[in-house]
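Visitor: I have not seen this structure before. Please take me through it by question and answer.

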Amino acid sequence: LHSNSDKGDGSVRYILDGEGAGTIFIIDEVTGDIHATKSLDRERKAHYVLHAQALDRHTEEALEPKSEFIIKVQDINDNAPKFPDGPFVATVPEMSEVGTSVLQVTATDADDPTYGNSARIVYSILQGQPYFSVDPKTGIIRTALANMDREAREHYTVVIQAKDMAGQVGGLSGSTTINITLTDINDNPPKFPQKNYQLYVPESAQVGKPVGKIKANDEDLGINADIKYSIINSEGATMFSISMDRDTREGIISLKKPLNYERKKTYTLHIEGVNTHVDPRFSYLGSFKDTATLKITVGDVDEAPVFSIDHYIMDVYENAPGGTEVGAVTARDPDSRNSPVRYFLDSKEEVRNFRIDESSGVIRTTQPLDREDMSWHNITVMASEIDNPGLLSHVPVTVQVLDVNDNPPEIATDEEVIVCESSRPGQVIQTVTAVDKDDFANGQRFSFALPSQLPVNPNFTLKDNEDSTASIIARRRRFNHLTQELYELPIVVWDGGEPSLSGTSTLTLRVCPCQRHGRIRMCQGEAFLSSAGLSTGALIAILLCIVILLAIVVLFITLRRSKKEPLIISEEDIRENVVTYDDEGGGEEDTEAFDIIALRNPAAAEELKFRRDVRPDVRQRCGASRSCRSPSVELDEVDVHEFIKQRLVEADMDTSVPPYDSLQTYAYEGQGSPTGSISPLDSPGTQSEQDYNYLDDWGPEFQKLAELYGEADSDVTT
């Protein structure tokens, strides 16, 4: 640095401050020369900003303002290119065309790309030729050789170099490695190692089980090596099947039908293996399949006897004597020796009812069978060769027991039949049916009648409805459970079997007062219990509680009476005594207490004032014409309130009554009753011809009233 004020006499002093001043950069105070004290790295810091000033050495005054200047670090080629993401891994399909792109690599250079060629990079391949090449400018790696086969070589290592200075001599370089793997495509057909195979299979091999395996080799991988095996000739496809094992890619041969050495001893199978995923680009290589021939030899095995059919169904009539033939089973030795066969039953339970002839296979009963006890018997017959008893075969045999009409019919129900007291002659009491243990052919057509040897029943008769039911009909009216509660009715039932059988059943008929509840008649006692929903135990508990309460009340009253003291204990003990007089009225029958007609007809009260014990004659007041006004109409003419006040004054002034208050009740019914008055005071003297049957529909509360009027009607009719 140099100032115009500097005369060279040393009176000017130079100072420096800013980035790196005093450490990286120093200044000579006299001459103003600036020196760097250490090497500079442009990649770390490319420039520095400094401030310089000239001062008077004596006065320290600024001779010039501060000036700013920048020191730039000039770049040199001191950084080699680098691959920050290396090493690399890449894949490319096998058999790819020349020039197929594999991967692009990029190198970086820390030098200044704007100054010279320090950061100008060129790519080249150091290892991997002649299989791969690299673009010098872009770094794209491409295939350089056609028809690279994965099955021949799968992995390749390529080394790429990046050099700056545009590849000139003296430039710096860096390299990276790329591991390239060829991926598989389906370019190889399956191949059987040999064209002919042989396999031994015993005739006892189980159907559906594997009997052998065969494998075609495929050099490809994954799904490109999947093979579908098939049997292409009908002889082999009829008896055998083949499928591929996913893990081993082997063809598993299984048996579809049982083998029989005596019928066919050898089988020839033409097996084909085909790739399931074919690449059409390589169809020019031919069909991707191969065939082989498998000869199967059937081995002879001593087999168990074989029955003529898989399931036998036989029948026998019930009650047939023991030893009756049921049927026969047949088995034979399938081997060429044709050994004799022995038969026997499987379990002891079957031996209890059946036995089998060891040589002929004839099954017979050991005792009479009952169809009603068991209608079907399932037994198992076993057969074995006499020469080899260890080989057994089984066959199920079902024996049906046929029905014989050996059970008489009987009435279906054992419950009591309810007879209502109000039953009328000709009324159906109940419809009964019959049951028969025999089957439909012999037991389900029934006829009914009363026993002919008994006298005619005066109470009930029976009607055969000719539909396997019968109706019990009352022959008289008015049953009374107090006179006789239970009746017994024997009924004879015939079935329609061959021969026909009959049975006599006795029904118990119980007489009960009934109430109508829809279409159902039930005994009142039963209805009470059912409506209450109480069990017998609950009723007993309630009755016990009531008895205990009554006993407590009686005991309490007895104790009070035993402790009762006299009204006056002694002459000295003078005190107020309360004497209670209990006078109970006569109830509804007490007509002398007061006359209700006085309330009904207040106008006649005066003339009945002193003759309350005499009932007024309504007919005399109404006259012979029987046309008089109802008491309810006369109430409109008199104020009932005034009448009651008058009677109260008379009661207070009457000296003939006892010396205590009395209560007289006058019931005023009112007007507008839709049913009218039912009081007998206003009823006409002659017998009414009104029909009281509607009382039956009013419910159980009016049942007694309905029966009373019903009996009165019956008496009038009589």
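Guide: pLDDT is the predictor's confidence in each residue, from 0 to 100. The score applies here since this is a predicted model.

Visitor: What pLDDT does the protein chain average?

Guide: Of the residues, 79% score at least 70. Taken over the protein chain, the average pLDDT is 80.

Visitor: Which stretches have a pLDDT below or under 50?

Guide: Where pLDDT is low, the predicted coordinates should not be read in detail. One such stretch is 525-532, with pLDDT below 50 and 6 contacts beyond near neighbours in sequence. Another has 37 contacts beyond four places in sequence, and its pLDDT stays under 50: residues 604-637.

Visitor: How many helices and strands are there in the protein chain?

Guide: Buried residues make up 32% of the 718 residues. The secondary structure of the protein chain comes to 10 helices and 38 strands.

Visitor: Among contacts between residues at least 6 apart in sequence, what percentage join residues at least 24 apart?

Guide: The count takes in contacts in the protein chain between residues at least 6 apart in sequence. The part joining residues at least 24 apart is 65%.

Visitor: Which strands are at the edges of the open sheet with 4 strands?

Guide: The order in this open sheet is β30-β36-β35-β32, and the pairing is mixed. An edge strand pairs on one side only, which applies to β30 (417-420) and β32 (447-449). The edges are therefore β30 and β32.

Visitor: By how many degrees are neighbouring strands of this sheet turned against each other on average?

Guide: The average is taken with direction ignored. For neighbouring strands of the sheet, the turn is 35 degrees.

Visitor: What is the bridge partner of T433 in β34?

Guide: Strand β31 (residues 428-435) is joined by 2 bridges to β29 (residues 410-411), and the two run antiparallel. In that pairing, I411 has A434 as its bridge partner. β31 also runs antiparallel to β34 (residues 469-474), with 5 bridges between them. There, the partner of T433 is T469.

Visitor: Are the planes of F192 and Y229 stacked, edge-to-face or tilted?

Guide: There are 9 aromatic pairs by the rule used. For F192 and Y229, the ring centres are 6.4 Å apart and the planes meet at 55 degrees. Planes under 30 degrees apart would count as stacked and over 60 as edge-to-face, so this pair is tilted.

Visitor: How is the pair of F240 and Y267 described?

Guide: F240 lies in strand β16 (residues 240-244) and Y267 in strand β18 (residues 266-275), so the pair ties together parts 27 residues apart in sequence. F240 is buried at 2% relative accessibility, and Y267 is buried at 7%. With centres 5.7 Å apart and planes at 75 degrees, the pair is edge-to-face.

Visitor: Which residue has its charged end over the ring of Y267?

Guide: This charged end sits 5.2 Å from the ring centre. In another part of the chain, K45 lies over the face of Y48 at 5.5 Å from the ring centre. Over Y267, the residue is K264.

Visitor: Is N217 buried, partly exposed or exposed?

Guide: N217 is found in the loop between β14 (210-214) and β15. Leaving out residues up to four places away in sequence, N217 touches P189, P190, K191 and P193. Its C-alpha atom is separated by 8.6 Å from that of P189, 28 residues apart along the chain. The relative accessibility of N217 is 41%, between the cut-offs of 20% and 50%, so N217 counts as partly exposed.

How values were computed:
Residues are numbered from 1 along each chain as its sequence is written. This is a predicted model: local features need pLDDT of at least 70, side-chain atom pairs count only at pLDDT 80 or more; totals for chains, interfaces and linings use all residues. Side-chain values use heavy atoms; hydrogens and water are left out. Axes are lines fitted to C-alpha atoms, for helices over the stretch in contact, and angles run from 0 to 180 degrees between N-to-C directions. Rings of Phe, Tyr and Trp (its six-membered ring) pair if their centres lie within 6.5 Å; planes under 30 degrees apart count as stacked, over 60 as edge-to-face and the rest as tilted. Buried means under 20% relative accessible area, exposed over 50%, partly exposed in between (1.4 Å probe, protein chains only). A charge sits over a ring if NZ of Lys or CZ of Arg is within 6 Å of the ring centre and within 35 degrees of the ring normal. Contact means heavy atoms within 4.5 Å.
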